[in-house]
Amino acid sequence: MPISIVLSGLILTVQALSGNGLAGAAWFSVVNAINAARLALARHQLKEPGVQDDLTRVWLRLRWFGRLALLAGFTWSFLAVLTAGYTTSQASLHLIILAGISAGAVTYGSSYAAAAIYFITPPLLIAAACLLTKGTLENYILAFAVLLFEGGLARASFVGQARFRDASRLRHQAERLAAEMERNSREDHLTALLNRRGLEHAIDQFENTDGPFVAMLIDLDGFKSVNDTYGHRTGDELLARIARRIEEEAPEGSTLARIGGDEFVLVFSSLRNSPSPSNLASNLISKLARPYPGVASVRIGASIGIYSAKNPGLTEMLLRADIALYTAKRRGRNEFCLFDAELDRELQRRQSIERDLHSAIKTRSLGPWFQPIVRLDTEAVIGFEGLLRWSHPIHGSISPPEIMTAARETGMLQLLTQAVFSECCAFIDALVKADCRDVRVTMNVSPRELEAGDIDEMVLNGLAAKDLPATMFEIEITEESPVDPDRVDEKLGRLSHAGISIALDVFGTGFSTLASLKDSRIRKVKIDQGMIQVYPNVAEITPEIDLTN
């Protein structure tokens, strides 16, 4: 359209200079009135919603574009009138402008070839006819060139249209594929629910919804037995059926997602007409606990953690709902728990401990206290056990399990282990200087620490670097099952071969049995207090059995 306006303006200028300004102005007005109509139709096409998806309406609009293009073509044919059949001195300039506007129409009208052909055909045919009527060889050749030019432009229009359609088809296919991939990235294919990413997007839409908002974290009890007994295919089918049961109980307008293997999240706005979280949780637990055909030998239950917030924030809601869920699980199967002030204090305590742990390790306000190990028959001190201690400035004494959990959650377990080992080395060095080489210093290590880190390298290299005797160091292993026992056994073998004593802690609990005693690397076991509580006078003593004697 802008090019058409400029070229028609040039013709108006030429006509005015040649003394035919009135006719030129009339022609100029008609041409640009038609251009304005075409532009208005195009803008209306873009603004009107739903037109692009209605093929019938699209084709109707295209036909109108074609009609207006034909009308514009007839208007440009009047150049023959303005130039007296292309016989005036300005005729060559008019033909050049006509060629330019025709080429431009084909170039910019490639999406719909008919409109371009409708526009260029009338003026070019009339120009060729005017040239033929002059009866000279030169004009015959020029007329032939005009017709050839018109044929080339027509063919170019169809080629351009075909390429435009191919490009549009590929673009729309790419857009559909991208939209499908976007939907798939937000959907759990197993249950047809949202996944975690989809849940995050859905929560963002809650910003314009009135609260408060309730998040229910639903964790299935006993589901692992389904996979173990019936196989994963049956387990997958059961998850889909469980999802449908939750959907049946979910409040209207709620959002349900599966964010883990057997973990679901239900988020909804807690309005006056919504069920209370406690009643909804009870109904869900009751519904999910009903028998499932095909898996009658396994009883499925559910534990639910509930958190209510004024503003929707997925991270905050899931964190607090997870704490409530953990509390519910400690009570047993088919229980629910609401996140309350007491749990909030526990959360603040845990976050405070995790936040201050690194500083406590660096400043050595957290570290081992060495408890003497006494031989009962002679009352001689035969060793010291490093017991982890931390007196928090706000929360007081922090238990070793809490410290270890915080270290695992914050990724500082290796740093903590190195700090404790360094203190043990310093204590051994002090014992060597005091000529007390017949005692051992014990450090507690879990099999999971052995499995995950390079504790064997740390211990052997650390003792060698400080020239400390390996026979004065002992590793006490807690009774828990490692994921990769072969890896743990390999490391224990290296340590034992170097002369480091291996002890088994709280024997009689956990996963170990009397089979542990057959391991030649185990030189000592500590009997769990639960096995000797029948003797009131020794209830506070942890007896040890030296297997080397």
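Contact here means heavy atoms within 4.5 Å. With that cut-off, and leaving out residues up to four places away in sequence, Leu463 touches Phe421, Cys425, Leu468, Ala470, Phe473 and Ile500.

First, the ground rules. This is a predicted model, in which local features need pLDDT of at least 70 and side-chain atom pairs count only at pLDDT 80 or more, while totals for chains, interfaces and linings use all residues. Residues are numbered from 1 along each chain as its sequence is written, and side-chain values use heavy atoms, with hydrogens and water left out.

Now the overall picture. The protein chain has 18 helices and 15 strands; these are DSSP runs, H or I of at least four residues for helices and E of at least two for strands, numbered from the N terminus. Of its 549 residues, 42% count as buried. Buried means under 20% relative accessible area, exposed means over 50%, and partly exposed is in between, with a 1.4 Å probe and protein chains only. Taking contacts between residues at least 6 apart in sequence, 66% join residues at least 24 apart.

Next, the cores. A nonpolar core is a set of buried Ala, Val, Leu, Ile, Met, Phe, Trp, Tyr and Cys residues joined through side-chain atoms within 4.5 Å. The largest one has 46 residues, and those touching the most other members are Leu357, Leu416, Val459, Leu463, Phe473 and Ile475. Helix α15, residues 413–433, supplies the largest share of this core, 9 residues. There is also a second, separate core of 33 residues, which includes Trp76, Leu82, Ile101 and Leu131. As background, nonpolar side chains tend to be buried together in soluble globular proteins.

On to a helix pair. How do α17 and α18 cross? The axes of α17, residues 455–465, and α18, residues 485–497, come within 9 Å and cross at roughly 15 degrees. Axes are lines fitted to C-alpha atoms, for helices over the stretch in contact, and angles run from 0 to 180 degrees between N-to-C directions. So α17 is roughly parallel to α18, a label for angles under 35 degrees; over 145 is roughly antiparallel, 65 to 115 roughly perpendicular, and the rest oblique. The crossing of the two is left-handed, meaning the near helix is turned anticlockwise from the far one by less than a right angle; clockwise would be right-handed. From α17, the contact uses Asp456, Glu457, Val459 and Leu460, and from α18, Lys491, Arg494 and Leu495. By class that is 3 nonpolar, no polar and 4 charged residues. Ala, Val, Leu, Ile, Met, Phe, Trp, Tyr, Cys and Pro count as nonpolar, Asp, Glu, Lys and Arg as charged, and the others, Gly among them, as polar.

Two backbone items. Tyr86, in the loop between α4 (79–82) and α5 (91–108), has a positive phi near 60 degrees without being a glycine. Tyr86 is buried, because its relative accessible area is 2%. Asp467, in the loop between α17 and β12 (473–477), has a positive phi of about 55 degrees and is not a glycine either. Is Asp467 buried or exposed? Asp467 counts as exposed, because its relative accessibility is 69%.

Asp188 sits in strand β1, residues 187–188, and is buried at 11% relative accessibility. Beyond its neighbours within four places, Asp188 is in contact with Leu193, Leu194, Asn195 and Arg258. Arg258 is 70 residues away along the chain, with 6.8 Å between the C-alpha atoms. Asp204, in helix α8, residues 196–204, is partly exposed at 46%. Its C-alpha is 8.8 Å from that of Leu314, 110 residues apart in sequence.
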